[in-house]
Amino acid sequence: MTCESRTCKLIQAVCHVDFVLRSQWVIESAKAGKFLPPDSFKIQYIPVDENLKFHLDTVLQSTNRTTLFAGRYFYVTPDVFPARAEVVRMIESSGGKVEEKRRSSQAIAEIYNQSPESYIIVTCPNDMHLCVDLTRFGNPKCPIVSTEFVMSSILKQQLEIEPHIIPYLYNNNNNNNLNYGCGGNKASSK
C-alpha cells in the first residue's frame, strides 16, 4: 500500500492475504534483485479516524477471515456508499451470499424466525424507500444496517450488527433498546 488507509480493496484483501505491506517493499526488493523479508515493511494499523484503528495482525491471524459471513444472506441496495459492487465483493470475500433481488417481507420474516441474523439488508438514506414495507407493521423483520457494518465487521473479525442498525427505520427509535426482528434480539440506537 502506498497510503495506510481503509480502502475497499484492503478490506477485500485482508480476507485472503498473508501480509499487508508498504509499497516501499516492492521498491527495495527490486533494488536488491530479490523479494525481501516482509517483516520490516508490514503495516500494523489502519487508521479510520483519530479514535479508531484496526490492528492488521489480528485480522490476518484470524482463522475465519473467509467465513465471517458464512451462512448469511445479504441484500445490498443500489445507492450505498461505497459502491454496491464494492460492498458485494467485501461480503463475498468473507463468505456471505448477496442476492440480486430482495426477498419479500413474508419470506424475510420466515427465514428470520428459523435463523435470526441470517438475512441482512445493507442500505443508505437514499434507498430507505426499498425497506418501507419491512417496517409497516412494526420493527423490521431483519437487521437493516449501513455499509459500515460490513467494513467494520471484516476489520474487527467480529459481527457488529447493533452499532450499525439504521435507527430511523425503527418505530421505537427514541428508546435506547430496539427490537429488530422476530427473534427478539436487541440493538442499541446510536
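## Lys 156 and its partner

At 33% relative accessibility, Lys 156 falls in the partly exposed class. This is a predicted model, so keep that in mind as you look around. Lys 156 pairs up with Glu 160 in a salt bridge, where the closest N and O atoms sit 3.2 Å apart. Glu 160 has a relative accessible area of 14%, and because buried means under 20%, Glu 160 counts as buried.

Another one of them joins the side chains of Glu 86 and Arg 89, at 2.9 Å from N to O. Both residues belong to helix H4, and they are three residues apart, which is about one turn of the helix. Arg 89 is partly exposed, with 38% relative accessible area.

Now try Asp 133 and Arg 102. Their closest N and O atoms are 2.6 Å apart, and the two form a salt bridge. Which parts of the chain does this pair tie together? Asp 133 is in helix H6 (residues 132–135), while Arg 102 is in the loop between strand S4 (97–99) and helix H5 (105–114), so the bridge links parts that are 31 residues apart in sequence. Asp 133 is partly exposed at 24% relative accessible area, whereas Arg 102 is buried at 16%.

## The largest nonpolar core

Next, look at the inside. The largest nonpolar core has 33 residues, and the members that touch the most others are Val 14, Val 150 and Ile 154. Several elements each supply at least two residues of this core: helices H1 (8–13), H3 (56–61), H4 (84–93) and H7 (147–156), plus strands S3 (73–76) and S5 (119–122). Which helix gives the largest share? That's H7, with five residues. The core also draws on both domains, taking at least three residues from domain 1 (8–61) and at least three from domain 2 (73–169).

## A closer look at Ile 154

What does Ile 154 touch, once you leave aside its neighbours within four places in sequence? Ile 154 is in contact with Ile 11, Val 14, Cys 15, Val 59, Leu 68, Phe 69, Met 90 and Ser 94. Val 14 turns up here again, and like Ile 154 it is among the core members with the most contacts to other members.

Notes. Residues are numbered from 1 along each chain as its sequence is written. This is a predicted model: local features need pLDDT of at least 70, side-chain atom pairs count only at pLDDT 80 or more; totals for chains, interfaces and linings use all residues. Side-chain values use heavy atoms; hydrogens and water are left out. A nonpolar core is a set of buried Ala, Val, Leu, Ile, Met, Phe, Trp, Tyr and Cys residues joined through side-chain atoms within 4.5 Å. Buried means under 20% relative accessible area, exposed over 50%, partly exposed in between (1.4 Å probe, protein chains only). Helices (H or I, at least four residues) and strands (E, at least two) are DSSP runs, numbered from the N terminus. Domain bounds come from an automatic or database domain assignment. Contact means heavy atoms within 4.5 Å. A salt bridge is a side-chain nitrogen of Lys or Arg within 4 Å of a carboxyl oxygen of Asp or Glu.
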